[in-house]
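Q: I am new to this structure and would like to learn how to read it. Please go through it feature by feature.

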Amino acid sequence: WENLTFESIFEAHNDVFKLMRLFFTEGRLFRIVGNHDMVYSNQDYVAKHLYSYCDSGTEKELPLFPGITFPEALILEHQKTG
């Protein structure tokens, strides 16, 4: 693995995570566990690394995806036809 810690991934893709946060705060971000991120099936890991982050400029802990979960699958339902 090139990046062994979430912090290095977050720093490298900070803009992407902040964009995903916009979707999350609007209730429009859905993530599922995939073969490259099986660690997200561990809710303790998710809580530690994804609920918040430390802003490098202010050194303050800020919310990122508080309460996010990573199910194994999603069931989508068409609004009109069910």
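A: Start with burial: a residue is buried under 20% relative accessible area, exposed over 50%, and partly exposed in between (1.4 Å probe, protein chains only). This is a predicted model, in which local features need pLDDT of at least 70, side-chain atom pairs count only at pLDDT 80 or more, and totals for chains, interfaces and linings use all residues. Residues are numbered from 1 along each chain as its sequence is written, and side-chain values use heavy atoms, with hydrogens and water left out.

Q: Is Asp 37 buried or exposed?
A: Asp 37 is buried because its relative accessible area is 16%. Asp 37 lies in the loop between α2 and α3; helices (H or I, at least four residues) and strands (E, at least two) are DSSP runs, numbered from the N terminus.

Q: Which residues does Asp 37 touch, not counting residues up to four places away in sequence?
A: Contact means heavy atoms within 4.5 Å. With that sequence limit, Asp 37 touches Arg 31 and Ile 32.

Q: How many salt bridges does a search of the whole structure find?
A: Side chains of opposite charge can pair when their charged atoms come close. A salt bridge is a side-chain nitrogen of Lys or Arg within 4 Å of a carboxyl oxygen of Asp or Glu. The search finds two. Asp 37 pairs with Arg 31 at 3.6 Å, N to O, and Arg 28 pairs with Glu 26 at 2.8 Å, N to O.

Q: Which residues make the nonpolar surface patch of about 460 Å²?
A: Patches are made of residues with over 30% relative accessible area and no salt bridge, where like charges are joined within 9 Å and nonpolar side chains (Val, Leu, Ile, Met, Phe, Trp, Tyr) within 5 Å. Accessible areas come from the Shrake-Rupley method with a 1.4 Å probe, and for residues only the protein chains shown count as cover. Here the patch consists of Phe 30, Ile 32, Leu 74 and Leu 76. Ile 32 sits in the loop between α2 (14-25) and α3 (43-50) and is partly exposed, because its relative accessibility is 40%.

Q: Which residues have the most contacts inside the largest nonpolar core?
A: In soluble globular proteins, nonpolar side chains tend to be buried together. A nonpolar core is a set of buried Ala, Val, Leu, Ile, Met, Phe, Trp, Tyr and Cys residues joined through side-chain atoms within 4.5 Å. The largest one has 14 residues, and Leu 50, Phe 65, Ile 68 and Phe 70 have the most contacts inside it. Helices α1 (6-12), α2 and α3 each supply at least two residues of this core.
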